[in-house]
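Let's take a friendly walk through this structure, with an eye on its charged side chains. Have a look at it first, and then we will go through it together.

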Amino acid sequence: MAYLKRYSAPRAHVRRVLWRKLGRCLAHHGGDRDEVSLWIEDTLDQAVSAGLINDERYVHDKVRSYLRRGASSLAIAQKLYAKGISRDQVYRALDVLKEEG
């Protein structure tokens with residue numbers, strides 16, 4: 001959670017990171033994948049409730065950053081899709097930022 005206090009990350013990306021790390025632990029020590037899955041989802045819910053994970057804020061900030069660098073809408077959507085963000089979220093953020101100006 002300390003990472004999330006310093007850096008913004010979408011829920012789907014944090015889920016993948018947790019599964020990667022905990023998957024190694026399961027492979028080495030054994031355990032119940034269903035129990036780990038529940039633990040991960042509970043942890044993600046707590047992080048969202050605490051404001052550590054906010055997909056909308058993440059998308060807005062990233063889209064703004066990529067636009068400043070001159071990236072195309074398609075390139076932005078592809079980069080964020082790789083992080084687990086839907087194209088709809090990306091295009092909504094693009095529309096909002098274009099309206100702002």
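Arg11, Arg15, Glu41 and Asp45 are joined in a network of salt bridges. A salt bridge here is a side-chain nitrogen of Lys or Arg within 4 Å of a carboxyl oxygen of Asp or Glu. Before going on, note that this is a predicted model, where local features need pLDDT of at least 70 and side-chain atom pairs count only at pLDDT 80 or more, while totals for chains, interfaces and linings use all residues. Residues are numbered from 1 along each chain as its sequence is written, and side-chain values use heavy atoms, leaving out hydrogens and water.

Helices are DSSP runs (H or I, at least four residues), numbered from the N terminus. Is arginine 11 buried or exposed? Arginine 11 counts as buried, at 17% relative accessibility, whereas aspartate 45 is partly exposed at 39%. The terms work like this: buried is under 20% relative accessible area, exposed over 50%, and partly exposed in between (1.4 Å probe, protein chains only).

The side chains of glutamate 41 and arginine 15 also form a salt bridge, at 2.7 Å, N to O. Because glutamate 41 lies in helix H3 and arginine 15 in helix H2, this pair ties together parts 26 residues apart in sequence.

Conventions: Helix = DSSP H or I, 4+ residues; strand = E, 2+ residues; numbered from the N terminus.
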